[in-house]
2 protein chains.
Amino acid sequence: MKRRGTGLATSSGMLFRQLFDRDSSTYTYLLADERSGEALLIDPVLEQVDRDLQLVSDLGLRLALVLDTHVHADHVTGAGALRARTGAATISGVGGPGCADRLVRAGEVLRVGGVELEVIATPGHTDDSISYRAADRVFTGDALLIRAAGRTDFQNGDAGQLYDSISARLFTLPDATLVYPAHDYRGLTVSTIGEEKRFNARIAGKTREEFVTVMSSLRLPAPHRIHEAVPANRACGMAATLPVQG
Amino acid sequence: MKRRGTGLATSSGMLFRQLFDRDSSTYTYLLADERSGEALLIDPVLEQVDRDLQLVSDLGLRLALVLDTHVHADHVTGAGALRARTGAATISGVGGPGCADRLVRAGEVLRVGGVELEVIATPGHTDDSISYRAADRVFTGDALLIRAAGRTDFQNGDAGQLYDSISARLFTLPDATLVYPAHDYRGLTVSTIGEEKRFNARIAGKTREEFVTVMSSLRLPAPHRIHEAVPANRACGMAATLPVQG
């Protein structure tokens with residue numbers, strides 16, 4: 001199918017769209033090879049599957065892969081539903097849900113057409129957290145947020161580990177690398193590695209010890225859907241496998 | 001001041017950021033000349049002025065212009081507050097608020113450093129609605145939304161006029177032109193002229209008469225802040241000039 005005027009192709013011929021779920025403030029990303037029409041989604045939200053598939057269809061794309069950056073605690077992934085409706089393969093990091101078609105490790109490269117994503121291990125928010133780097137941008141999940149970082153107080157989170165992930169694996173990318181996180185709560189849509197190195201409120205200029213102190217003093221309330229979301233996401237978001245309600 | 005790693009520069013050296021106000025589902029846009037650091041904001045929201053100025057500061061920019069696409073009915077503009085705090089000039093279309101520093105007409109070109117915006121008259125949602133075209137993208141306000149169009153039932157709205165604005169002035173731009181509207185309620189962040197010509201639910205494939213029928217049958221409730229927002233915006237969003245209550 002011919003795709004005309006789909007726009008936002010990067011210099012590498014990658015089509016790119018950012019999508020937002022207002023209820024959970026989650027960003028979902030659509031990437032595709034403009035030539036072959038093969039596409040992938042990163043961190044889809046179950047309630048937005050119809051919207052996402054409509055856009056894939058409008059743009060004349062074929063969904064090949066669905067990626068999660070980690071087992072989310074604040075929304076239910078659309079991965080399983082998207083696989084059921086399109087045949088796309090679902091991908092998570094090692095330690096992620098056993099229902100995924102493939103669990104990937106640091107250094108592995110995923111390809112859809114000419115689009116390449118390199119897996120970067122960024123544990124700390126959760127133990128299975130990974131980031132995906134594609135050309136000039138990196139999808140950081142909840143590891144590195146805009147001016148912030150994901151909480152580390154559940155799902156085997158570890159503040160020291162998150163410090164190492166951000167400082168040694170994300171902040172060593174080129175300063176101009178675009179940072180696309182899984183959430184933003186203030187309406188910011190993108191940042192850069194250079195900006196976060198200078199302005200990130202939780203980590204910029206801090207030692208590992210100081211960062212651990214900051215993260216352990218946050219005392220955040222639990223995400224209101226955590227008891228639903230984590231078991232659902234361990235089943236790739238498929239309702240049929242949700243635990244029976246008490 | 002040196003700006004490093006600010007990212008998202010277009011091929012024309014334009015820095016670009018999209019910002020979202022979750023309460024009103026409004027998109028605000030920051031554009032700047034990467035070299036000179038001169039910046040402009042399109043459709044800022046009063047409650048987000050601190051956020052926007054922080055970003056301008058982080059990126060080492062100087063706010064020169066604040067643009068509104070029209071007198072909004074669903075949020076209060078940040079234009080007056082931004083002018084008061086930065087000295088930036090405020091711009092609206094002819095028919096817009098008298099407090100604006102400049103009211104622009106179709107064909108006029110605004111410049112901040114090397115960034116040029118051409119004014120396109122796109123009345124119909126309101127009689128003062130304009131769009132701004134910059135390089136490969138167009139900021140359409142509420143005239144052309146993603147898969148939709150702004151309502152035409154108040155503020156001298158006119159469905160026939162909106163049809164003409166979209167079909168003769170926006171849909172004649174190149175198909176690959178990126179469409180950045182003032183709102184989206186489903187979490188879509190961008191579209192293209194080509195997409196909207198094919199998939200816009202309200203206008204694609206419709207005659208002028210059919211479009212007028214569609215728009216007149218919408219029967220939408222009034223925006224819940226209209227009685228506050230319109231007078232406030234006619235005063236550039238400055239609270240001191242709001243009419244006395246009761």
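Predicted model: local features only at pLDDT ≥ 70, side-chain atom pairs only at ≥ 80, totals over all residues.

1. What relates the two chains? Chain B is superposed on chain A by a rotation of 180°, with 0.0 Å of shift along the axis and an RMSD of 0.0 Å. The two copies are therefore related as by a two-fold rotation axis.

2. Now the contact between the chains. On the chain B side 27 residues take part, and they are in contact with 27 residues of chain A. Three elements of chain B each supply at least two residues to the side that touches chain A: strand E1 (14–21), helix H1 (49–58) and helix H4 (193–199). Which of them gives the largest share? That is E1(B), with 5 residues.

3. Why can one say that the copies meet through the same surface? Because 100% of the interface residues of chain B are also interface residues in chain A.

4. On to the fold of a single copy. Chain A holds 6 helices and 14 strands. Its radius of gyration is 17 Å, close to the 18 Å that the globule rule gives for 246 residues, so chain A is as compact as a globular protein of that length. The C-alpha trace of chain A spans about 55 × 50 × 30 Å along its principal axes.

5. Two further figures describe the packing of chain A. Of its 246 residues, 54% count as buried. Among contacts in chain A between residues at least 6 apart in sequence, 60% join residues at least 24 apart.

6. Last, a look at B:Asp101, which sits in the loop between strand E5 (89–93) and strand E6 (102–104) of chain B. Why does B:Asp101 count as partly exposed? It has 14 C-beta neighbours inside 10 Å, and the class lies between the cut-offs of 12 or fewer for exposed and 20 or more for buried. Leaving aside residues up to four places away in sequence, B:Asp101 touches B:Ala89, B:Thr90 and B:Ile91. As for B:Phe171, B:Asp101 is 70 residues from it in sequence and 30 Å from it in space, C-alpha to C-alpha.

How values were computed. Residues numbered from 1 in each chain as written. Chains lettered and ligands numbered in written order. Contact = placed C-beta atoms within 7 Å. Helix = DSSP H or I, 4+ residues; strand = E, 2+ residues; numbered from the N terminus. Least-squares fit on C-alpha atoms with pLDDT ≥ 70 in both. Rg over C-alpha atoms; globule rule 2.2 N^0.38 Å.
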